[in-house]
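Here's a quick tour for anyone meeting this structure for the first time. Take a look at it, then follow the notes below.

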Amino acid sequence: MSDPDPRVPADPREFNREQARRIEQQVTLHYRFAAGKYASRFFAALRDEGKILASRDRQGNVMMPPRPVCGLSGLPMDEWVEVGPGGVLAGCTIVYVPFIDPMTGVQRPVPYGFGLVRLDGADTSIYHLLDETDPQRIGVGKRVEAVFKPVQERTGSLADIRHFRLLD
Amino acid sequence: MKSLDAVRTAVVAVGQTEHGRRLDASMAELAREAIDRALDSKGLTLEDIDAVVAGNMEMFEGIYLVDQLFVGALGALGKPLYKLNTGGTVGASTALACYHLVASGRHERVLGVGFQKQSDGSTQAAITTVGDPVWERAVMAGAIGNFASMASTYIAESGVTPEQAAKVAVLARRNACLNPYAHLRMPDITVEEVLESEMLAYPIHRLDMCPSSDGAAAIVMASEDVAGEIADQPAWVHAVATVHDQQYMGDSPKRLAVMRSLRGAAAKAYSIAGIDYPLRQLDVAEVYEPASYALLAMCENLGFCAMGDGGRLIDDGVITMEGQLPVNPSGGVLATNPVGATAMIRVVEAASQVMGLAGEHQIPDVKLALATGYGGNAWTDIIILGRQRPRR
């Protein structure tokens with residue numbers, strides 16, 4: 001058998017990186033995630049009523065996102081409470097590096113504000129977008145408020161909150 | 001807290017690849033390179049190995065049956081082979097699994113290997129798959145956005161400055177110059193260069209972040225009955241600990257500033273190993289630091305200084321090669337980051353320090369070394385290795 005590329009030696013010890021090949025592939029995958037009992041109710045309330053719901057256990061721990069079991073107490077979370085729409089920044093940044101939005105496959109325009117929001121009434125925080133691109137104007141502890149998309153644009157996703165607006 | 005071992009256990013052999021952009025090797029070849037180096041270093045062959053544990057984050061390359069596809073390369077034909085994926089901790093989880101397989105009395109000699117070939121795949125696609133599809137992906141900003149937000153919380157708590165973080169970035173890349181396996185070796189890097197590098201996400205500059213690397217690292221763990229026959233100076237396992245926190249990114253109230261899983265794992269491991277004053281009792285630490293700010297926060301949470309005092313550790317030189325407790329003489333994650341191998345590299349480096357095999361970045365007279373693995377703030381692995389066989 002003749003060697004298809006005489007530059008690639010038969011002896012692997014003589015191989016060097018100039019002879020390395022790469023095999024290119026593109027894989028496109030489609031998913032449909034079952035949201036489950038808690039997220040289904042949460043997203044229905046968000047889309048239809050503009051309400052942000054969290055789960056509470058009998059010790060009073062309030063978890064956002066809502067979930068079946070409290071990670072702190074281990075108790076079932078069988079009560080719903082409304083939290084926000086105001087809150088406090090627990091962490092924040094302005095992102096300059098491009099990131100492809102996993103929901104759309106399209107690169108989100110940079111720069112954009114991004115932070116962890118502790119909604120009023122909740123014991124945990126959620127990440128979301130901020131309507132601010134000046135790093136000097138954001139900060140841990142600053143007050144923010146949810147800005148909802150118009151009802152007809154909502155789909156039942158955390159993106160039904162367009163972003164959080166800085167109040168301070 | 002009591003030690004769980006039926007059998008005292010030691011790391012008896014270590015090996016790692018040259019890390020970086022390794023277009024010359026396939027993923028399987030890379031894993032085998034580290035395995036061969038570990039075995040050859042002590043004259044072992046695959047016939048000496050009873051079982052294999054392999055660690056990899058499959059989503060980086062999109063190959064999900066590496067245990068089947070690489071069974072030959074991993075040296076596991078006809079043997080038990082356990083594949084793990086525990087995220088960023090996986091290399092350390094692999095070492096801990098090797099430990100449990102030996103310490104339980106099940107096997108005498110177990111091979112562990114962590115490997116990743118990030119240049120094969122898409123780091124962004126992999127990071128997306130670690131987000132909860134229902135709750136987190138709609139508003140993700142990648143690993144860098146997440147670390148930047150965590151850094152803001154840490155800065156608010158501790159007052160650490162961009163200059164102090166930049167000093168950490170400089171220390172890592174200079175230490176890496178003494179490590180022939182490291183990816184980013186930058187002898188002339190300065191604090192100004194870090195601060196002037198591109199802003200990725202405020203306050204994280206490009207040089208504050210770890211790189212994406214290709215690489216692999218391997219260990220052999222052995223029981224006390226055979227450890228001494230394989231290595232003159234084994235690195236004895238004095239303690240292991242794994243602790244998880246709640247699941248979502250926003251569940252830890254102060255993220256980097258107060259790392260509950262790291263604090264919990266450290267408390268357990270120190271208790272098992274009899275460590276009351278880690279700064280004095282440990283001789284070297286290999287800490288899984290994905291960003292400059294994270295190293296200082298992690299040192300605080302490991303009890304190397306008071307909470308909020310991380311900046312002083314770098315200003316006062318406490319964690320340099322010549323300091324009271326050298327941290328990451330290898331250059332750490334800031335210099336080298338093949339994710340599935342990264343925490344195994346911490347274990348390999350800690351073991352090398354105890355065994356006296358660390359070459360130019362050897363810290364003199366290491367009796368006790370600590371290594372950590374980090375998994376997205378939500379869980380931590382710790383292993384403490386020592387020169388002396390642990391007391392019963």
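Let's start at Ala369(B), which counts as buried because 29 C-beta neighbours sit inside 10 Å; the cut-offs are 20 or more other C-beta atoms within 10 Å for buried, 12 or fewer for exposed, and partly exposed in between, with C-beta atoms placed from the backbone. This is a predicted model, where local features need pLDDT of at least 70, side-chain atom pairs count only at pLDDT 80 or more, and totals for chains, interfaces and linings use all residues. Residues are numbered from 1 along each chain as its sequence is written, while chains are lettered from A and ligands numbered from 1 in the order in which they are written.

**Around Ala369(B)**
- Ala369(B) belongs to strand 10 (residues 368-375) of chain B; helices (H or I, at least four residues) and strands (E, at least two) are DSSP runs, numbered from the N terminus.
- Leaving out residues up to four places away in sequence, Ala369(B) touches Leu282(B), Asp283(B), Val284(B), Ala350(B), Gln353(B), Val354(B) and Leu385(B); a contact needs C-beta atoms, placed from the backbone, within 7 Å.
- From Ala369(B) to Leu313(B) it is 56 residues in sequence and 18 Å in space, C-alpha to C-alpha.

**The sheet in chain B**
- An open sheet of 9 strands runs in the order 3-2-4-7-1-8-11-10-9, with mixed pairing; two strands pair if DSSP finds at least two bridges between them.
- At the edges are strand 3 (81-84) and strand 9 (284-286) of chain B, each pairing on one side only.
- Strand 2 (residues 51-55) and strand 4 (residues 109-117) of chain B pair in the parallel sense over 5 bridges, and Ala51(B) has Val110(B) in strand 4 as its bridge partner.

**Two crossing helices in chain B**
- Helix 6 (residues 162-175) and helix 11 (residues 292-301) of chain B have axes that come within 7 Å and cross at roughly 95 degrees; axes are lines fitted to C-alpha atoms, for helices over the stretch in contact, and angles run from 0 to 180 degrees between N-to-C directions.
- That makes helix 6 of chain B roughly perpendicular to helix 11 of chain B (under 35 degrees is roughly parallel, over 145 roughly antiparallel, 65 to 115 roughly perpendicular, the rest oblique).
- Among the residues making this contact are Gln164(B) of helix 6 and Tyr293(B) of helix 11.

**Two loop residues in chain B**
- Arg255(B), in the loop between strand 8 (235-244) and helix 9 (260-273) of chain B, has a positive phi near 40 degrees and is buried, with 25 other C-beta atoms within 10 Å.
- Asp365(B), in the loop between helix 14 (339-355) and strand 10 of chain B, has a positive phi near 60 degrees and counts as exposed, with 8 C-beta neighbours inside 10 Å.

**Over in chain A**
- Strand 5 (residues 112-119) and strand 6 of chain A run antiparallel, joined by 5 bridges, and Phe114(A) stands opposite Leu129(A) in strand 6.
- These two strands form a hairpin with 6 residues between them, and Gly121(A) in the turn has a positive phi of about 100 degrees.
- Strand 6 (residues 126-130) of chain A is largely enclosed by the rest of the structure, because 5 of its 5 residues are buried.
- A cis peptide bond joins Gly84(A) and Pro85(A), with omega about 0 degrees.

**Where the chains meet**
- The contact takes 34 residues from chain B and 39 residues from chain A.
- Helix 5 of chain B gives the most to the side of chain B that touches chain A, with 9 residues.

Terms used
Two residues are in contact if their C-beta atoms, placed from the backbone, lie within 7 Å.
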